[in-house]
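Please study the sequence and the structure before reading each solution.

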Amino acid sequence: MKQPDLVYRFLFEEEDIRGQHVSIDNSWQRIVDQSDAEPAALLLLGQALAAATLLVETLKIEGSISLQVRGDGPVHLLMAEATSRHTIRGIVRQNRPIETGQTLENIFAANALVITINAGDKKPYQGIVPLQGNSLTEILQTYFDQSEQLPTRLWLASSLQNASGLLLQQMPGEGHDDDSWNRLLMLTDTVEDQELLELETTQLLHRLYHQEKLRLFPAESIQFACSCSRQRTQNMLHSLGEAEIKSILAEQGEIKITCEFCDASYEFDAVDLGEVFSEAESQPSSSSLH
Ligand SMILES: [Zn+2]
């Protein structure tokens with residue numbers, strides 16, 4: 001059995017090319033178990049999570065990266081988030097079956113994938129990537145080609161048990177050897193989804209690059225974690241306004257909010273909500289997905 005939930009960085013010492021391999025297993029399982037979306041939708045989420053994890057590592061930010069698609073298709077919301085603390089969370093929501101032969105554009109009935117980078121206190125950066133391509137890998141490759149100055153390539157695979165990704169990137173600097181880059185891309189293109197998903201990183205790297213001089217750095221563990229909290233939920237309720245809250249309260253007696261990412265639920269009765277609105281009006285409002 002391979003060791004689950006790890007991300008590895010590696011370096012081709014003679015080529016100035018770096019790479020990463022991520023495998024998300026138990027933490028992915030938890031997301032799968034909690035979702036009622038069909039496998040085809042879940043597989044997209046798995047790949048998006050693997051990609052988000054690789055992106056956080058590549059961009060070396062302190063914060064989080066999310067990939068998000070919203071539309072009117074059978075799958076109307078997909079959100080995958082990874083943080084620099086090596087945590088992931090994600091959600092995919094579906095309201096009707098995916099039909100055979102539907103493209104990604106049809107599945108989501110959306111035009112774009114939105115990449116949001118939250119790096120500490122800086123203003124979030126949003127990148128919009130057209131949802132054109134046969135796979136998430138292809139779509140994200142467009143993002144790398146347009147935004148990263150450093151040539152970067154990505155391979156993604158997912159099953160209902162694991163989600164995995166591999167990334168190669170040229171290091172900053174002069175005098176890159178196109179032959180080495182192309183050779184490594186050709187070697188990596190021979191990787192099969194099954195291998196990405198099931199092999200230990202050391203086995204995978206040996207299978208692909210056994211003739212290359214490669215340095216492997218210690219792994220970091222990936223964990224499922226959610227950033228929701230009672231305080232954040234309270235801020236969200238506050239942003240809805242007192243009138244709205246009072247009307248829900250009159251109807252339901254109490255308000256129960258369940259987090260879509262982790263299933264935690266937060267209950268507020270009239271007394272709690274009275275406190276929410278008696279607190280200072282300077283509470284920051286939160287985003288729609290708390
Ligand atoms: Zn949560």
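**Exercise 1.** Which residues does Trp28 touch, not counting residues up to four places away in sequence?

*Solution.* The model is predicted: local features need pLDDT of at least 70, side-chain atom pairs count only at pLDDT 80 or more, and totals for chains, interfaces and linings use all residues. Residues are numbered from 1 along each chain as its sequence is written, and side-chain values use heavy atoms, with hydrogens and water left out. Contact means heavy atoms within 4.5 Å. On this basis, Trp28 touches Leu42, Leu45, Gly46, Leu49, Ser159, Leu160, Gln161, Asn162 and Ala163.

**Exercise 2.** Describe how helix α1 meets helix α2.

*Solution.* Helices are DSSP runs (H or I, at least four residues), numbered from the N terminus. First, locate α1 at residues 26-34 and α2 at residues 39-59. Next, identify the partners: Trp28, Ile31 and Val32 in α1 meet Leu42, Leu45, Gly46 and Leu49 in α2. By class, this contact has six nonpolar residues, one polar and no charged ones; Gly counts as polar, whereas Val, Leu, Ile and Trp count as nonpolar.

**Exercise 3.** Which residues of helix α10 (residues 270-278) are buried?

*Solution.* Buried means under 20% relative accessible area, exposed over 50%, and partly exposed in between (1.4 Å probe, protein chains only). Leu273, Val276 and Phe277 of α10 are buried. They lie on the same side of α10 because they cover an arc of only 85° around the axis, taken from the directions from the helix axis to the C-beta atoms. On the other side of α10, Val271 and Ser278 are exposed.

How values were computed: Helices (H or I, at least four residues) and strands (E, at least two) are DSSP runs, numbered from the N terminus. Axes are lines fitted to C-alpha atoms, for helices over the stretch in contact, and angles run from 0 to 180 degrees between N-to-C directions.
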